[in-house]
There are 2 protein chains.
Amino acid sequence: MPTIIDVAKKAGVSVGTVSRVLSNNETVKEPLKRRVLSAVDALGYKPNLAARALRTNRVDVIGLVVPDITNPFFSQLAKSIETEAALRGHMVMLANSHDDAETERKQISALIDRIPRGVIVIAAAETGPLGQETDVPIISVDRRFEGFPLAATDHAGGSAKIADHLFGLGHRKIAYIAGPQSTEVGRARRQGFVQRIEALSSPPDPVSLTTVEGQFHYENGEQIAREVLAQDRPTAIAAASDQLAIGVLRAARDLKLDVPGDLSVAGFDDIDLASLVVPRLTTIRQPTEGLAKAAIQYLFGERAAAEDAALEGKLIIRGSTQAI
Amino acid sequence: MPTIIDVAKKAGVSVGTVSRVLSNNETVKEPLKRRVLSAVDALGYKPNLAARALRTNRVDVIGLVVPDITNPFFSQLAKSIETEAALRGHMVMLANSHDDAETERKQISALIDRIPRGVIVIAAAETGPLGQETDVPIISVDRRFEGFPLAATDHAGGSAKIADHLFGLGHRKIAYIAGPQSTEVGRARRQGFVQRIEALSSPPDPVSLTTVEGQFHYENGEQIAREVLAQDRPTAIAAASDQLAIGVLRAARDLKLDVPGDLSVAGFDDIDLASLVVPRLTTIRQPTEGLAKAAIQYLFGERAAAEDAALEGKLIIRGSTQAI
DNA sequence: CTGAAAGCGCTTACAG
DNA sequence: CTGAAAGCGCTTACAG
């Protein structure tokens with residue numbers, strides 16, 4: 001492999017000059033610059049990134065820690081982050097925390113040791129302290145890690161949109177399957193939904209709302225829906241995630257209930273699967289690309305430090321909800 | 001950040017000794033070793049990985065290029081690879097090729113520039129030449145990249161298992177929805193299925209087999225299934241992927257056909273979704289963990305160089321297939 | 001505007 | 001078994 005010295009020799013300049021040309025330092029005059037560039041070309045020179053990293057104490061990498069890359073929402077986010085990082089010539093180093101606080105801490109540490117441009121973390125359910133000072137910027141996405149800034153969908157606002165939608169369709173007997181209340185997301189979605197319904201409900205036109213807490217899993221949604229539907233059946237069920245909602249769909253099918261004829265169902269996230277199930281699911285699309293962009297911008301210092309970003313989700317109306 | 005020099009001073013030894021202790025070099029005697037280790041501890045020393053990389057010309061990273069991380073099979077594979085790499089103290093650098101040969105080439109190049117331990121690539125549909133010599137080992141998984149060794153499921157063998165299964169259930173009128181014949185996977189699966197059916201078919205007990213070529217997408221499976229089912233309806237459809245098979249399930253539902261009553265359906269891959277659709281899908285489970293392990297072993301030189309690995313898939317029988 | 005040179009923090013022959 | 005020292009390939013003040 002040719003080094004910067006070989007290029008300098010070939011171009012008849014000093015290594016400093018080659019380095020300046022390569023870093024787009026404007027001070028090098030055109031003729032010299034051309035000579036350097038053609039030497040680079042002729043030799044097929046590529047800078048040694050390890051040497052550069054040692055000198056500059058920074059490497060063109062973004063660290064990413066997700067609870068589980070096979071979760072469709074996280075993999076969508078990872079893809080958007082990778083795309084956004086690539087736009088800035090950065091690669092993404094990926095680690096799974098397996099939703100475990102201890103593993104998460106280790107992964108973030110290991111990532112930081114590689115002096116990346118920054119680290120993005122989608123926090124594990126229970127998140128522990130990092131216990132390491134560092135000047136590598138850290139931002140969390142979707143689920144907050146520690147006291148670090150967070151780029152997330154406006155969960156409360158999205159849930160309120162679902163509430164508006166169902167109310168607008170005439171539903172007055174609604175069940176809400178919440179996500180785990182131990183999580184910020186679970187709480188925000190629930191609160192947004194419940195508060196909006198309470199605001200819409202009035203003595204002459206009351207809404208009866210039942211709330212149950214679930215786990216963001218298909219199986220769990222199915223199981224909870226069975227219980228909810230067995231009793232005083234609602235005309236609509238809003239679930240805190242698409243996975244829960246798809247579980248509801250399964251339960252409805254087993255119980256021979258027609259969706260949306262007998263029951264309207266809405267989710268949250270708009271995972272790929274949401275438009276593949278039967279009927280296709282009405283949901284809130286999370287702005288993954290916007291979240292990725294906000295996170296990267298933060299890491300590159302293009303965004304007010306330490307400030308949260310709340311991006312609006314979009315109501316996607318499909319076949320699973322219907323006027324009563 | 002303390003450096004190795006600080007540790008050496010604190011322990012009253014030379015930097016060489018510290019380095020040796022840290023690299024588990026056995027030559028350092030117990031008392032010195034202990035002194036070094038406690039100095040490391042006291043200072044919270046962490047080696048500068050960039051410096052180490054510059055010296056050793058290698059960094060504890062595995063590069064991974066996938067066509068699209070949101071594809072459930074690829075994200076499953078990515079997770080297994082990450083786990084396997086972590087066992088060896090390596091992190092994974094991830095890049096999406098977006099199924100584009102040019103992007104793939106660039107990503108692999110960018111990865112190699114970071115002198116990783118090795119690069120694993122799941123090739124894009126059309127794969128182009130790398131055009132760069134390197135001593136970084138490269139192996140492809142699932143879909144072959146260039147002339148590099150491949151770790152993949154025994155696709156033909158897996159398809160043959162599906163053929164045996166359907167034949168065993170008494171199906172004698174079968175349709176096979178193949179994957180793109182421009183891909184090795186598509187060809188291998190088709191060939192395995194067709195050859196086994198031909199072997200099983202005999203003049204006294206003939207099997208009628210129709211084959212159609214598809215694209216590995218849900219939509220495509222649905223569309224092809226409509227055509228296949230509209231004509232001379234088979235009693236079983238085997239699809240070259242779960243995504244295709246799930247498309248078939250949708251089409252069957254729209255046509256009011258009962259699966260598995262009127263029609264048996266089988267897929268290939270065992271993606272998460274396969275066990276979530278109704279009815280749950282009979283399929284071949286790809287040995288993702290085995291593939292990840294084989295790939296990593298190859299990169300670490302624990303496996304015969306330049307030799308392909310073909311791992312057996314496992315037949316998972318669920319509700320979508322039934323005796324005729 | 002360009003060159004000469006220091007120095008980033010390690011690892012590893014080479015001595016002893 | 002341990003130390004002294006070279007050197008990996010860059011970037012960047014510092015001169016001129």
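Predicted model: local features only at pLDDT ≥ 70, side-chain atom pairs only at ≥ 80, totals over all residues.
Start with chains A and B. A rotation of 180° with 0.0 Å of shift along its axis brings chain B onto chain A, at an RMSD of 0.1 Å. The copies are thus related as by a two-fold rotation axis. To find that axis from chain B, select Met93(B). Its C-alpha is the nearest of chain B, 2.1 Å from the axis. Both copies use the same surface: 97% of the contact residues of chain B recur in chain A.

**The contact between the chains**

Now select the contact residues. Chain B gives 32 and chain A gives 31. On the side of chain B that touches chain A, two or more residues come from each of α4, α5 (72-87), β2 (91-96), α6 (101-113) and α10 (242-254) of chain B. Colour that side by residue class. You will see 20 nonpolar, four polar and eight charged residues.

**The strand pair**

Zoom in on residues 91-96 of chain A, strand β2. Three bridges join this strand to β2(B), and the two run antiparallel. Pick Leu94(A) and look across: its bridge partner is Val92(B).

**DNA strand C**

Next, show DNA strand C. It is surrounded by 26 residues. Select the closest: Gly16(A), Ile4(B), Gly16(B), Ser19(B) and Asn48(B). Then highlight α2 (15-22) and α4 (49-56) in chain A, and α2 (15-22) and α4 (49-56) in chain B. Each of these helices supplies at least two residues of the surface near DNA strand C. Which classes do the residues of that surface divide into? Eleven are nonpolar, ten polar and five charged.

Key
Residues numbered from 1 in each chain as written. Chains lettered and ligands numbered in written order. Near = placed C-beta within 6 Å. Helix = DSSP H or I, 4+ residues; strand = E, 2+ residues; numbered from the N terminus. Nonpolar A, V, L, I, M, F, W, Y, C, P; charged D, E, K, R; others polar. Least-squares fit on C-alpha atoms with pLDDT ≥ 70 in both. Contact = placed C-beta atoms within 7 Å. Pairing = 2+ DSSP bridges.
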